[in-house]
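Welcome! Please take a moment to look over the sequence and the 3D view, and then we will walk through a few places together.

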Amino acid sequence: MDTEQKSQQTESGGEFEREPVPQRSLLGFKSFIGMYAGEHTAGTELMIGPLFVAAGVSAFDVVVGLIVGNVLAVLSWVFMCAPIATRARLTLYYQLEKICGRQLVTLYNLANGVMFCFLAGAMVTVSATALGVWFKFPMPELSDKYPNSVGWVIAVLAVGTVISLVAAYGYKVVSKVANIAAPWMVLVFIAFGLIGLRQFIDATGTQVTGLADVWTLAKTHIWQGGDPHPGRVKFTFWHVMFFAWFCNMAMHIGMSDLSVLRFAKKSWYGIAAGTGMFLGHFLAWLAAAILYAFQMHQDPSNTSVLPGPLAYQAAGLAGLICVIIAGWTTANPTIYRAGLAFQAIIPKSSRFRVTMITGIIATIAAMFPWLAMKLLDFVALYGLVLMPMGAVVFMDFWLIPKLGLRGSYAELSGRQFNWAAGAAWIGTLAVCLGIVFIVGNWTLYFVALPGWFIASGIYLGLSRAYQRQFVASTASPQIRPGTAQA
Amino acid sequence: MRTTTILMIVSMLSLVALILPSILFLAGSMELTTTKWVMLAATVVWFATAAPWMWKQTG
């Protein structure tokens, strides 16, 4: 049984949902390598790489920024998420429930579900662009906000409906298909880059005798720097680095992957995330960017970011199949997870109905190309929204006991809504989003860093005042740092 | 058991066949049209041969 299945079992109310994972169910390092490599080589990588080019990034900034950012992301998994996961061995949701109380976790689930819906919408958009190659309907431009043709709407509707039905009926089958497709997909992504590179060499007449020539080609033709496309934030080294670090913030610093890494024998298994970062968030992004840059080299007026045509041009039908499968296999679990998050709010609702409604919302969102074309902003926002709860979990686990306060306060006091945690979440979002609105959109990629300290500070400060109401007689043994195996 | 081993070997070879054309194209030793067709063939072989043993492996 692999980690993906373990996490699905958890989400679907399977084993160890409300208890620590026992020693006998722990998994080896290899299980995490495969899972992370597959999970982070998704359909959306085909959007993100080109959007970097559209943001006017230079070759040095994108390559070095991605390396540094991805290393920081892996370190966040290793040093922030995994140590708590392998000590407490609880799902994020159960740990949050103990800290925050049922009502606050319900709000968190709602936010999580909404974010998953839109993320799935972007993945449906990616798959729908593949249909445009076959059926030749007008597809959205980079600056389009609304659906621009009936063909586009029908394509999104068709793809979204199929994905939603499969998520509702046969999620486990898709999960297996995703596992089978993962190694193939990684290689197709790499092939995109190699083919695009040769096309550039031929189109520019560059003489390549070594890596220095490839680097010159990258600087002068692929990632030229300069002004971004109209309406886009100009990306520098810092934007790329912070984006690469924070695009999965919900998972590492935001602690979503507690649910996955609680099955790890050792906390250093978090380093397995490096496979996903450097295959998906480095090679795949760069490869997709090369294809997009080549499209603009051929026709500077063609700024559309459409993974279907890009992949077809480079790798033919195999590329097109890759786009469909990459979008489909990643949209499915996302819709399924969103459905689970919503179902946790209304437990009596049927899983099928909730998943279908979630799928419909994602499909409607996918019809608006603005979502996919602004994917960089959305991904940054997604991490920001879920990050404060990660800070709360981190502080509750490591610092709260050292300050003489009680962790898992909601469980101990029997409260349904821990106001210290709630204020940390809402307060942090208010401050961070306030900065984004007042100072400018560019800050969206950076505010999560000070935001983490703001959330931590609010939670610690308010907990001191809030826990004065603590009734000692309700105290019960807790999982504390250093009490379990790391 | 023996069939599974053969399927595993063939599927691994199909992955080699998937990436090799793009390397040859980069080296200037293969045409793009041929590259695309070989990649498609390797894709078909991968899914046909990997699905049986990977399906079992994933429970």
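This is a predicted model: local features need pLDDT of at least 70, side-chain atom pairs count only at pLDDT 80 or more; totals for chains, interfaces and linings use all residues.

Let's begin where the two chains meet: 21 residues of chain A are in contact with 20 residues of chain B. On the chain A side, helix 8 (171-204) and helix 13 (307-345) each supply at least two of the residues that touch chain B. Helix 8 of chain A gives the largest share, with 13 residues. Sorted by class, this side of chain A has 15 nonpolar residues, together with three polar and three charged ones.

Now turn to a pair of helices within chain A. Two packed helices are described by the angle between their axes and the distance between the axes. For helix 6 (residues 102-135) and helix 7 (residues 150-169) of chain A, the axes come within 9 Å and cross at roughly 125 degrees. Among the residues making the contact are V124(A), A128(A) and L131(A) from helix 6, and A155(A), V159(A) and I163(A) from helix 7. The residues of this contact divide into eight nonpolar and five polar, with no charged ones.

Our last stop is helix 3 (residues 45-54) of chain A. Ten of its ten residues are buried, so helix 3 is largely enclosed by the rest of the structure. The buried residues include E45(A), M47(A), P50(A) and F52(A). After helix 3 of chain A comes G56(A), with a positive phi near 70 degrees.

Conventions:
Residues are numbered from 1 along each chain as its sequence is written. Chains are lettered from A and ligands numbered from 1 in the order in which they are written. Two residues are in contact if their C-beta atoms, placed from the backbone, lie within 7 Å. Helices (H or I, at least four residues) and strands (E, at least two) are DSSP runs, numbered from the N terminus. Ala, Val, Leu, Ile, Met, Phe, Trp, Tyr, Cys and Pro count as nonpolar, Asp, Glu, Lys and Arg as charged, and the others, Gly among them, as polar. Axes are lines fitted to C-alpha atoms, for helices over the stretch in contact, and angles run from 0 to 180 degrees between N-to-C directions. A residue is buried if 20 or more other C-beta atoms lie within 10 Å of its own, exposed if 12 or fewer, and partly exposed in between; C-beta atoms are placed from the backbone.
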